[in-house]
Amino acid sequence: MSSENRPLSGTVTVPGDKSISHRAVMLGSISEGRTVARDFLFSEDCLSTISCFRDMGVDITIDGKDVIIDGVGLTGLKKPQKELYTGNSGTTTRIISGILAGQDFDTVLNGDDSIQKRPMKRVIEPLSLMGADIRSIKDNGCAPLSIHGRNLSGITYHMPVASAQVKSAILLAGLFAKGDTTVIEDVPSRNHTELMLKGFGADIETKGLVTTLHPGKELAGQEITVPGDISSAAYFIGAALITPGSDITVKNVGLNPTRDGIIRAFLAMGADITLMNEHETAGEKVADIRVRYSHLKGTVIEGDIIPALIDEIPLIAVAAAVSKGQTIIKDASELRVKESDRIELVSEGLKNMGADIVPKDDGFVINGVEKLHGADIRTQKDHRIAMSFSVAALVSDGPVVTDDSECVKISYPGFFEDLERLKA
Ligand code: S3P
């Protein structure tokens with residue numbers, strides 16, 4: 001990656017939201033009738049979800065930018081002929097386990113090297129409480145998982161970690177359970193599953209931090225337009241904010257309040273960000289985002305906002321590294337168990353580029369510097385690390401070389417092309 005420091009300009013439309021794309025396939029598959037997910041995200045993670053449901057007998061067709069799912073209803077999934085492979089996708093692995101727990105067949109769920117290191121006890125525990133027989137085959141709390149479908153009972157579960165994947169697994173298992181399932185959160189995590197379940201006709205209600213699913217209703221297929229992914233938009237927003245002279249517009253970005261932490265954090269840092277053309281699609285807030293180069297200053301990011309920007313923290317750290325003053329990020333120990341240990345890789349990479357960053361157990365302390373330098377960057381094939389350091393390259397005075405760039409395909413296959421277009 002070269003360090004041209006050219007301003008970004010123009011308009012970009014980022015691909016569909018990853019979380020919503022996954023859920024459209026999952027809910028569409030267990031609904032009655034047809035679901036059409038328009039502007040679907042065709043990234044490796046979402047293709048893993050499609051492939052798992054195809055392996056369970058669901059007819060899923062790709063038609064241009066859309067995915068058509070012919071749902072089999074709550075009881076129509078078929079036992080897969082082989083283990084279900086979820087690739088690099090934690091979202092697929094964790095959420096699908098909730099659906100599998102309620103089936104009358106057994107499955108083995110496995111993914112790549114990164115997935116096999118990520119904590120699965122967080123789903124094993126609540127699903128076992130609901131009556132599922134779900135085990136870590138290597139007895140290390142990680143995938144591969146064996147899941148023996150059982151008759152489930154609803155539970156009331158107080159979430160020990162803020163995780164939408166875990167919350168979603170429990171709520172989807174609740175569809176197959178006897179009695180109500182209630183999930184209580186301390187901190188709000190993304191609520192796409194709740195919104196989509198409601199849209200598909202489930203009897204679900206959220207009051208503050210308490211969500212209850214009353215089973216017994218069939219889901220009905222829907223037409224959904226997937227908004228642009230704010231987690232993908234974040235790289236261009238961050239890039240424009242720190243690259244002098246930039247002025248860009250990112251179109252059609254999902255701004256669900258459980259996901260818009262990046263906008264709130266950048267505004268607190270003094271960002272020049274304007275929302276335009278605000279509207280709603282499939283129950284989700286959407287807008288175009290105009291971003292101009294800004295003299296960012298440090299801030300403190302902690303507490304309730306963390307789940308609303310958890311995937312964007314590597315990028316925020318890059319921006320903080322060239323902001324004025326100190327940025328403190330805490331309460332984000334979840335970063336250690338993402339596709340990589342993001343606290344370690346962000347600290348290592350930014351330090352090698354000359355930043356003043358101190359890793360903490362649950363975040364970072366970053367003191368802004370004037371300029372970053374070129375460096376070799378270790379990604380461990382983590383898409384968000386690769387994209388964050390591509391943004392850091394824009395403000396470095398030498399080349400930034402990441403050890404992998406293919407991994408961006410996990411969430412944003414056209415990332416480099418779109419970034420080049422904005423630089424042109
Ligand atoms: C996601 C939830 C978050 C997020 C991940 C996608 C989802 O993970 O980091 O990229 O779609 O539910 P956790 O549930 O582990 O917080």
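I started with the largest cavity, which comes out at about 40 Å³. A cavity here is a set of points on a 1 Å grid over the protein atoms alone where a 1.4 Å probe fits but cannot get out. Its volume is the space filled by probe spheres set on the points, with grid points joined across faces, edges and corners. The search of the whole structure turns up 1 cavity of 30 Å³ or more.

Before going on, I noted that this is a predicted model, where local features need pLDDT of at least 70 and side-chain atom pairs count only at pLDDT 80 or more, while totals for chains, interfaces and linings use all residues. Residues are numbered from 1 along each chain as its sequence is written, and side-chain values use heavy atoms, with hydrogens and water left out.

Which residues line the largest cavity? I listed Asp 17, Ile 20, His 192, Ile 230, Gly 254, Leu 255, Asn 256, Arg 259, Glu 284 and Lys 285 (lining means an atom within 4 Å of a point). I sorted that lining into 3 nonpolar, 3 polar and 4 charged residues; Ala, Val, Leu, Ile, Met, Phe, Trp, Tyr, Cys and Pro count as nonpolar, Asp, Glu, Lys and Arg as charged, and the others, Gly among them, as polar.

Next I took the largest pocket, with about 630 Å³ of space. A pocket is an open set with protein on both sides within 12 Å along at least five of seven lines. Of its 42 lining residues, Ala 162, Ser 163, Ile 310, Glu 334 and Lys 338 are the closest to the centre. By class I got 11 nonpolar, 13 polar and 18 charged. Domain 1 (9-15 + 227-423) and domain 2 (18-225) each give at least three residues to this lining, the bounds coming from an automatic or database domain assignment.

Which element gives the largest share of the pocket lining? That was α1, with 4 residues, so I checked this helix (a DSSP run of H or I, at least four residues, numbered from the N terminus). Its 12 residues, 18-29, should span 16 Å at 1.5 Å a residue, and the end C-alpha atoms are 17 Å apart, which agrees. The expected span is 1.5 Å times one less than the number of residues.

At the N-terminal end, Asp 17 caps α1, with a side-chain oxygen 2.9 Å from the backbone nitrogen of Ser 19.

Terms used:
Helix = DSSP H or I, 4+ residues; strand = E, 2+ residues; numbered from the N terminus. Polar contact = N/O pair within 3.5 Å; in protein donor to acceptor, adjacent residues only side chain to side chain.
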